[in-house]
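Q: Could you walk me through this model, with the cut-offs spelled out as we go?

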Amino acid sequence: MIGLQEKACSGAALLQPFFTLTERQLSCFEALGALYAEWNAKINVISRKDMGNFYARHVLHSLAIGRAVQFLPESSVVDVGTGGGFPGIPLAILFPDTEFTLVDSIAKKIKVVEAIKTELGLTNVRPVWGRAENLRARFDFAVSRAVCAMPEFYTYVKHLISPVHRHSLRNGILYLKGGDLTEELRPFAGRIHEYPITSLFDLEGELFDFYETKKVIHLEF
């Protein structure tokens, strides 16, 4: 198993044991490391000291959602508080027939998303500079990487979730978060499903340690 300090050129190798990827997808994933390194030097969207762990801590983490559910063609997903494009950009590469709207209130971060989208030719990505509360579209799922506590996030996105369910999981929120979430999730008792990331990927060593307490949280609507 590749360790946490893998080089950018080995990024697709880290992903291949877990996903069946086309040549197009492999090419996009391989390009991500260099693109984010270039943009991150201009606009800090990832901790610069963490760029050596880019694939292990950011790309693989984002794709854990793709192990919890297979997004269907023509479905729609909104990534709220996307920052520089996580988890939205990796998921858009993995699911090219799903539409992804990536939302952030910070303009310079959306500038990075726009650039990555253009460089990779991701026609299924729509960057939006603004706040989720102001969106009026409907989506199958809202995804995010722990931008705030779940009760607060729920208020931001509850009006965005479509009532028409087509996936193996009911429509709702797919949230990447770690630690003890007992109190945070208590208001949603009976509607929560937790997927430990170590159960979604066969991880060893440092990777297992890094992901040991991290989960994909599904809040169904």
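A: One term before anything else: a residue is called buried under 20% relative accessible area, exposed over 50%, and partly exposed in between, with a 1.4 Å probe and protein chains only. This is a predicted model, in which local features need pLDDT of at least 70, side-chain atom pairs count only at pLDDT 80 or more, and totals for chains, interfaces and linings use all residues. Residues are numbered from 1 along each chain as its sequence is written, and side-chain values use heavy atoms, with hydrogens and water left out.

Q: Fine, then is P87 buried or exposed?
A: P87 counts as buried, because its relative accessibility is 0%.

Q: Where is P87 found, and what is P87 in contact with?
A: P87 is found in the loop between β1 (76–80) and α4, where helices (H or I, at least four residues) and strands (E, at least two) are DSSP runs numbered from the N terminus. Taking contact as heavy atoms within 4.5 Å, and leaving aside neighbours within four places in sequence, P87 is in contact with S62, I65, D79, V143, S144, R145 and L176.

Q: Which peptide bond joins F86 and P87?
A: A cis one, with omega at about 10°.

Q: What about T82?
A: T82 lies in the loop between β1 and α4, and T82 is buried because its relative accessible area is 3%. Not counting residues up to four places away in sequence, T82 touches L102, V103, D104, I110 and V113.

Q: I110 and V113 belong to α5, so which residues are buried in that helix?
A: The buried ones in α5 are I110, V112, V113, A115, I116 and L120. In general, an α-helix has 3.6 residues a turn, so residues three or four places apart point the same way.

Q: What covers the buried residues of α5?
A: The cover includes α2 (23–40), α4 (88–94), β2 (99–104) and β3 (125–129).

Q: How many residues has α5, and what span does it reach?
A: Helix α5 covers residues 107–120, which is 14 residues, and reaches 20 Å from its first C-alpha to its last, close to the 20 Å expected at 1.5 Å a residue; the expected span is 1.5 Å times one less than the number of residues in the helix. After α5 comes G121, whose phi is positive, near 65°.

Q: Which residues have a positive phi although they are not a glycine?
A: Among them are E74, with a phi of about 70°, and A146, with a phi of about 50°. E74 lies in the loop between α3 (54–68) and β1 and is exposed, because its relative accessible area is 74%. A146 is found in the loop between β4 (141–144) and α6, and A146 counts as partly exposed at 34% relative accessibility.

Q: Zooming out, what does the secondary structure of the chain come to?
A: The chain comes to nine helices and seven strands. Its radius of gyration is 16 Å, close to the 17 Å that the globule rule gives for 221 residues, so the chain is as compact as a globular protein of that length; the radius is taken over C-alpha atoms, and the rule is 2.2 Å times the number of residues to the power 0.38.

Q: And the buried share?
A: Buried residues make up 54% of the 221 residues. As for contacts with a separation of 6 or more, residues 24 or more positions apart account for 70% of them.
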